[in-house]
Amino acid sequence: VTKAHFMGWFNARIRIGAYDENGNIKEIGTIHSGISDEMKKDMTENPNNYLNKVVKIQCMSLDKKEKTIRHGFYKGIHPEKNPQECTIKDIFN
């Protein structure tokens, strides 16, 4: 049993998405690492505070064929960037 499960932090992960060429958001991975316990608790109690936010992440690799991230690590919120600027084309080309 993980600490997040024991504490009931069931939303304690970040689903990462990016816009495709038609303007639809496509999931490209999830982030579990790098999220503080305080943030995990808040994500569970206030999930709407985290929807459609741009985040800074680091990952081991990008699967350019499948358009997914591998072993992502949360680095923080990216307040200067608009969500519509996050496109699959920009990330994987």
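C86 is buried, at 16% relative accessible area. Buried here is under 20%, exposed is over 50%, and partly exposed is in between, with a 1.4 Å probe and protein chains only.

A word on the source. This is a predicted model, so local features need pLDDT of at least 70 and side-chain atom pairs count only at pLDDT 80 or more, while totals for chains, interfaces and linings use all residues. Residues are numbered from 1 along each chain as its sequence is written, and side-chain values use heavy atoms, without hydrogens and water.

Now the core. A nonpolar core is a set of buried Ala, Val, Leu, Ile, Met, Phe, Trp, Tyr and Cys residues joined through side-chain atoms within 4.5 Å. The largest one has twelve residues, including I14, I16, M39, Y74 and F92. β1 gives the largest share, three residues. Helices (H or I, at least four residues) and strands (E, at least two) are DSSP runs, numbered from the N terminus.

Next, the largest pocket. Its volume is about 960 Å³. It has 35 lining residues, and I14, R15, I16, G17 and K53 lie nearest its centre. β1 gives the most to this lining, six residues. A pocket, on a 1 Å grid over the protein atoms alone, is an open set of points where a 1.4 Å probe fits, with protein on both sides within 12 Å along at least five of seven lines; lining residues have an atom within 4 Å of a point. The volume is the space filled by probe spheres set on the points, which are joined across faces, edges and corners.

Last, salt bridges: a side-chain nitrogen of Lys or Arg within 4 Å of a carboxyl oxygen of Asp or Glu. There are three. K3 pairs with D37 at 2.6 Å, N to O. K3 is in helix α1 and D37 in helix α2, so this bridge ties together parts 34 residues apart in sequence. E27 meets R15 at 2.8 Å. That pair links strand β2 to strand β1, twelve residues apart. R15 is exposed, at 57%, and E27 partly exposed, at 44%. K41 bridges to E45, also with 2.8 Å between the closest N and O atoms. Those two sit four residues apart in helix α2, about one helical turn.
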